[in-house]
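Colleague: Could you take one part of this model and walk me through it closely? I'd like to hear what sits around it.

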Amino acid sequence: MVTTESVPSERVVEVDGAEKDTLYVRANNWMVDAFNNADSVVQFTDKESGTISGRYLLGTVSNASEYGPARRAYATIKVRVKDGASKITVTPESFTYAKGNIYTLYTEEDAKRDVDALLFSFETAMKKSEDDEW
């Protein structure tokens, strides 16, 4: 059995000239897009402090069976914004899986790949200016 470590990954995204409110809206929109299933939940938002946080489903480690319930891997995501910059911290929760077992659906390597994808997606969303024409 392998037990993963809970190691936070973070990225600071500089956006020259962007106001805090604009970055807050971009971050909020990113969370709505990224948290696209019922198991991923935005848990706290505070526009005044520029903070958004939530619990994100990374993946299903193993499905439910006669031996027990499904096991899932989650991460806590915290976003902070201020004038000109935003910061995301993704902290995967520790989980245990059987390496090489055909019933293991999600591994530490999968989690690292997904955390990197979240960081990249966030950076892209924060740098993209909205088209206000509609």
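Modeller: Let's start with a term: a polar contact is a pair of N or O atoms within 3.5 Å, where within protein one must be able to donate a hydrogen and the other to accept it, and residues adjacent in sequence count only if both atoms are side-chain atoms. This is a predicted model, so local features need pLDDT of at least 70 and side-chain atom pairs count only at pLDDT 80 or more, while totals for chains, interfaces and linings use all residues. Residues are numbered from 1 along each chain as its sequence is written, and side-chain values use heavy atoms, leaving out hydrogens and water.

Now to Ser40, in the loop between helix 1 and strand 3; helices (H or I, at least four residues) and strands (E, at least two) are DSSP runs, numbered from the N terminus. The Ser40 side chain reaches the backbone nitrogen of Leu57 at 2.9 Å. Leaving aside residues up to four places away in sequence, Ser40 touches Phe35, Arg55, Tyr56 and Leu57, where contact means heavy atoms within 4.5 Å. Tyr56 is 16 residues from Ser40 in sequence, yet their C-alpha atoms are 4.4 Å apart. Ser40 counts as buried because its relative accessibility is 8%; buried means under 20% relative accessible area, exposed over 50%, partly exposed in between (1.4 Å probe, protein chains only).

As for helix 1, its buried residues include Leu23, Trp30 and Met31. They pack against strand 3 (41-46), strand 4 (51-62), strand 5 (71-82), strand 6 (85-92) and helix 2 (108-127). On the face turned away from that buried side, you'll find the exposed Val32 and Asp33.
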